[in-house]
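Me: I'd like a close look at just one part of this model, please. Could you walk me through it in plain words?

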Amino acid sequence: MELAARKKKILTAVIENYINTGEPVGSKTLIEMAGLDVSSATVRNEMVDLTSRGYLVQPHTSAGRVPTEQGYRYYVDNVMRVSPVSSEGKEFIESRLYENADSPEGILQTATDLISELTDCTAFATTPSGENSRIHKISFVQTGAHTAMAVLIASNGIIKTKLFRCEFIITPEILGIFDKALNELCAGVRLSSINQPFIQSAAARFGELSLFMPSVLVAIKEASQSAEQVSLCRSGMTKLLFMSQINATAIRRLVEFLKNDHDVARMFERQPIDTTVTIGSENSRVELVSNSLVTTRYQVDGTPSGVLAVVGPIRMNYARTISILECVSECAGSMISELIEI
């Protein structure tokens, strides 16, 4: 329901003041903040009406008002204006991300650290999905007389390594044979296709050479399976402990849930492509009913990919959070795209 201009102005002033101070807002403060040319009695009447409609609540009889979830929802959807990060701010974000720009995981972990630092909330990121990814290249690094490491680079930029051991002494010449044979066989193949039947077929194709490669083939299969899975980066988990409006039991449940990589990644993968704000009880998980979740997807090569997310208090500076999240998303997506093109 659309609010009249004065009610909208009052609601906006209450929410923005409460976001900044955490204190209930009274009529006198509102008149000064919102520049209203009306009496305190008129403002109080408007606040009573906003309260009756569910946008505000009065914590105590003599106190001012604070916003409800419905009030925040109206503010986010109808009033809030998101300003883009300044050019200087974007340069700072890019410089921080470039510090670990050698892999998507490095970029995304730095992104979560940066988002948490700038928003003072808990931040998450999921790696690019490996659902349609293919093997780009396989390399080998010798680690011992009988051991080496397979390095698999996927088309989504993900790099996975797997150690393997051979009964015979490994030489650079042997690794060169492995490199040539496995790249000819696997380059361009979907990660999901590198399964046991594929490995058995490869062994048959290699003939006598396969006698030297069982552990190598297993390492490639396991690295492919690992690259296919969505991984989770997180930062700022301790910030959850300082959310004063949530009791200790609720915080404990929230922390336990957010430490579960599988469930959290699955929740994020269900998020829409566009930037989304879910407030309190709107969240699908009961552990998040006292929190707000802001998510957006970064793009890799022009295609929506993994998720960047912020978990914080309902009394969150939504405009600033969205601005930071979208800027980091744009920069991280561009860097991951460049990495894949190399």
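Reply: Start with Lys-137, which stands opposite Ile-153 in β5. Keep in mind that this is a predicted model. The pair sits where β4 meets β5 (residues 147-154): the two strands run antiparallel, and 7 bridges join them.

β4 and β5 belong to an open sheet of 3 strands, in the order β4-β5-β6, with antiparallel pairing. β4 (135-142) and β6 (159-165) are the edge strands, each pairing on one side only. Leaving direction aside, neighbouring strands here are turned by 20° against each other on average. There's a helix to look at as well: α9 (residues 214-228) lies across β4, β5 and β6, and it runs at about 155° to β6.

Which of its residues are buried? They are Ala-250, Ile-251, Leu-254, Val-255, Phe-257 and Leu-258. These residues are on the same side of α10 because they cover an arc of only 160° around the axis. Turn to the face pointing away from that buried side and you'll find the exposed residues Ala-248 and Glu-256.

So what covers the buried residues of α10? The cover includes the strands β3 (122-126), β7 (232-235), β9 (291-300) and β10 (303-313), along with the helix α11 (261-269).

Definitions and conventions. Residues numbered from 1 in each chain as written. Predicted model: local features only at pLDDT ≥ 70, side-chain atom pairs only at ≥ 80, totals over all residues. Heavy atoms only, no water. Buried < 20%, exposed > 50% of the residue type's maximum accessible area, 1.4 Å probe, protein only. Helix = DSSP H or I, 4+ residues; strand = E, 2+ residues; numbered from the N terminus. Arc of directions from axis to C-beta. Contact = heavy atoms within 4.5 Å. Pairing = 2+ DSSP bridges. Axes fitted to C-alpha atoms, helices over the stretch in contact; angles between N-to-C directions.
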